[in-house]
Amino acid sequence: MNITLDKQNELTSVIRIQLSPDDYKPRVDAELKKVHRTLALPGFRAGKAPFGIVQKRFGKTILVDELNKILQDSLYKYLAENKVRFIGNPLPKENHHEQNFETPSDFTFEYEVGHVPKFEINYPKSPLTHYRISASDEMTEKYIDELRHRHGTHSYPEAASEKDILYGDFHELDSAGEHKQGGHHTTTTLGMEMIQDDETKKLLTGLKKDDSARINPYRAFGETEAKLMLNLKPEDERLKSDYRFTVKTINHLEKAELNQEFFDKHFGKDVVKTEEEFRLKIKEEYERYLMRDSDRFLDHELRHAVINANQIPLPKDFLIRWLTVASEKPISQADAEHEYLHQEEELRWKLLRDKIVEQNNLTVTDEEKNTVARQLVLSQFSRYGVMEVPEDKLQELSKQYLNDKKISENIDDSVLNDKMIQHLRQNVTLEEKGITYDEFLKVVNTHQHEHHHEHEHAY
């Protein structure tokens with residue numbers, strides 16, 4: 001076997017893999033012998049058919065399979081050993097389809113590779129605005145109401161009422177109203193106050209532990225809440241199915257009174273002693289909460305500023321061809337070019353992020369992953385006003401998240417992204433500006449409109 005790399009330019013190369021019979025014949029012969037040992041043909045017992053018949057019938061298919069295995073293994077091994085940093089995936093050139101597999105001898109295969117370009121990180125020179133948002137009295141009152149729910153008194157009634165939170169199992173049903181074979185199943189919380197459909201509310205009201213009812217979550221809660229509740233994507237057909245909901249627990253909450261006990265519970269003993277002081281400190285607390293929106297917008301602006309400061313060259317023509325091949329459905333050249341425009345920014349951002357992570361030795365610890373997993377669990381329950389989750393249940397659900405490969409990878413990605421953003425903040429100039437929440441929303445909407453216009457103009 002001989003592998004060479006022929007550099008076409010700074011962004012693309014052709015990798016040429018030359019194979020002789022010595023590279024593939026032993027593997028092909030071994031596979032043919034396996035087939036021969038088990039193959040039973042009319043007039044012959046298993047393993048007794050003439051080997052020539054086996055070779056004629058299966059030789060070409062096995063040859064192609066083994067060549068593909070050798071090519072994939074050797075190609076990616078070569079890329080790793082020679083530290084060839086590539087973008088997208090290597091694309092086989094046309095000579096893959098021009099080989100003579102009927103009379104095999106020497107083979108030459110070629111792959112086109114798009115390279116990760118060489119670049120240095122440039123940080124934006126122009127200052128970015130970090131908005132400090134003030135909360136209105138109406139927003140503060142709404143937040144106080146949420147806190148009264150959070151610090152309210154929990155009880156576990158025997159039967160469900162219209163203000164309770166139910167925890168139970170959803171099982172997808174078939175047309176006959178039975179549990180669908182292989183249907184969707186999940187266990188989660190259900191807020192009675194969030195039900196939009198009176199018929200569903202009547203069906204669930206009065207249910208006791210282990211009681212069940214047939215409901216349609218999509219009709220009862222709307223698309224947004226249903227997809228979160230069932231953990232399904234908007235395009236998933238199961239989102240609109242009927243389900244059997246079986247109650248496991250019923251939770252009732254009475255809002256906390258605005259008194260000293262409530263003040264102490266939220267801020268600590270005697271930190272505030274009057275309702276006026278409480279409202280003032282709550283306003284400050286809520287404004288810190290609103291700063292999350294400001295921080296997210298800053299991070300978004302920071303991302304665009306860093307990408308604009310680093311006009312990283314990409315192998316555009318190669319990536320358009322790669323998108324055409326990688327698409328699950330056949331797409332035209334024009335569609336591939338359009339898709340490239342939407343992914344171009346994300347590709348550059350990933351290259352920048354990977355380089356910053358590498359240069360600054362940014363890593364994710366098990367403790368950080370566990371913290372994020374616990375936050376995901378708490379966030380799921382908090383949507384229904386449940387702020388205190390039993391530790392054993394919190395650990396159990398957190399472990400489930402971490403054992404899910406996709407969720408675990410998303411957590412890694414989230415932590416690394418946060419660390420990189422913090423690094424970028426330390427390397428740009430930030431200017432603070434006071435603003436109301438309504439004014440802030442106008443800034444965000446204007447930015448989104450301009451960004452959308454830029455994309456459409458580019459297309």
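Which residue takes a positive phi just after α10? It is Asn 361, with a phi of about 50°. I will come back to phi at the end.

Some ground rules. This is a predicted model, in which local features need pLDDT of at least 70 and side-chain atom pairs count only at pLDDT 80 or more, while totals for chains, interfaces and linings use all residues. Residues are numbered from 1 along each chain as its sequence is written, and side-chain values use heavy atoms, with hydrogens and water left out.

Let me begin with helix α10. Its 27 residues should span 39 Å at 1.5 Å a residue, and its end C-alpha atoms are 37 Å apart, which agrees. The expected span here is 1.5 Å times one less than the number of residues. The helix also bends, by about 40° at Gln 343. A bend at a residue is the angle between two fitted axes, one for the seven residues ending there and one for the seven starting there.

Within α10, which covers residues 333–359, sits Arg 353. Is Arg 353 buried or exposed? Its relative accessibility is 11%, so it counts as buried. The cut-offs, with a 1.4 Å probe and protein chains only, are under 20% relative accessible area for buried, over 50% for exposed, and partly exposed in between. Leaving out residues up to four places away in sequence, Arg 353 touches Asp 413, Asn 417 and Met 420. Contact means heavy atoms within 4.5 Å. With Asp 413 there is also a polar contact, side chain to side chain, at 2.5 Å. For a polar contact we need a pair of N or O atoms within 3.5 Å; within protein, one must be able to donate a hydrogen and the other to accept it, and residues adjacent in sequence count only if both atoms are side-chain atoms.

Next, the nonpolar cores. In soluble globular proteins, nonpolar side chains tend to be buried together. A nonpolar core is a set of buried Ala, Val, Leu, Ile, Met, Phe, Trp, Tyr and Cys residues joined through side-chain atoms within 4.5 Å. The largest one in this model has 32 residues, and among those with the most contacts inside it are Leu 351, Leu 352 and Leu 424. Two or more residues come from each of β3 (86–92), α8 (275–309), α9 (316–326), α10 and α13 (405–425). The most come from α10, which gives eight. Take Leu 352 as a case: setting aside residues up to four places away in sequence, it touches Phe 119, Ile 121, Val 306, Ile 307, Asn 310 and Ile 312. There is a second, separate core of 24 residues, which includes Ile 17, Val 54, Leu 79 and Phe 107.

Now look at helix α2, residues 51–81. A straight helix of 31 residues would span 45 Å at 1.5 Å a residue, but the end C-alpha atoms of α2 span only 40 Å. This helix bends by about 55° at Phe 58. Its buried residues include Val 54, Gly 59, Glu 66, Ser 74 and Leu 79. Among the elements that cover them are β1 (2–7), β2 (12–19), α1 (21–38), β3 and β4 (107–115).

Strand β2 is itself mostly covered, with six of its eight residues buried. Strands pair if DSSP finds at least two bridges between them. β1 and β2 pair in the antiparallel sense over six bridges, and they form a hairpin with four residues between them. Asn 2 stands opposite Gln 18 in β2. β2 also pairs with β4, again in the antiparallel sense, over eight bridges; there, Ser 13 has Val 113 in β4 as its bridge partner.

Finally, back to phi. Most residues other than glycine have a negative phi, and most peptide bonds are trans. Lys 83 has a positive phi near 50°, and its place is in the loop between α2 and β3. Lys 83 is exposed, with a relative accessible area of 73%. Asn 231 has a positive phi near 55°, and its loop runs between α6 (223–230) and β10 (243–254). Asn 231 is exposed too, at 64% relative accessible area. That is where I will stop.
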